[in-house]
Amino acid sequence: MAEEEVKLFGVWASPFSRRVEIALTMKGVKYEYIEEDLTNKSPSLLKYNHVHKKIPVLVHNGKPIAESVVIIEYIDETWKHNPILPQHPYNRALARFWAKLIDEKGRRERWRLEKLVSI
């Protein structure tokens, strides 16, 4: 099998980047980590995620995937060994529900903290 190119654009303090790193590590996938400066986004990040211009972005053999939950599903479907999500559709749906809930709650809390800090 040919060597695969896997790159992850992220930020060390981002839980969204970290969850993708954990998924790649669980799967044993070798990847290049590219730390982004969100105050001065790289041309590569803007190229690979021209819609949202946010991290994380996984680039697999030149094809970009954005949004951490979508990336994790892609990783799980691409590298079949060591499944991350449950195999049963109902249990997989529950895992997706909890991931979405945590994401939404985290965004609300971050917004609330940003409002407090800016006062």
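Modeller: Start with one pair. Lys 7 stands opposite Glu 32 in β2. Keep in mind that this is a predicted model.

Biologist: What makes β1 and β2 a pair of strands?

Modeller: Pairing needs at least two bridges. Strand β1, residues 6-10, and strand β2, residues 32-35, are joined by 4 bridges. So they count as paired. The two strands run parallel.

Biologist: Which elements make up the β-α-β unit, and what is its hand?

Modeller: The unit consists of β1, helix α1 (residues 15-27) and β2. It is right-handed. That word applies because, with the strands pointing away from the viewer, the path from the first strand over the helix to the second runs clockwise.

Biologist: Why is Lys 53 called partly exposed?

Modeller: Its relative accessibility is 37%. Buried means under 20%, exposed over 50%. The value of 37% falls in between, so Lys 53 counts as partly exposed. Lys 53 lies in the loop between α2 and β3. Its phi is positive, about 60°, although it is not a glycine.

Biologist: And what makes Glu 67 partly exposed?

Modeller: The relative accessible area of Glu 67 is 32%. Glu 67 sits in the loop between β4 (63-66) and α3 (68-78). Glu 67 is not a glycine, yet has a positive phi of about 75°.

Biologist: Where is the cis peptide bond?

Modeller: It joins Ile 55 and Pro 56, with omega about -5°. Pro 56 is in the loop between α2 (43-48) and β3 (57-60).

How values were computed
Residues are numbered from 1 along each chain as its sequence is written. This is a predicted model: local features need pLDDT of at least 70, side-chain atom pairs count only at pLDDT 80 or more; totals for chains, interfaces and linings use all residues. Side-chain values use heavy atoms; hydrogens and water are left out. Buried means under 20% relative accessible area, exposed over 50%, partly exposed in between (1.4 Å probe, protein chains only).
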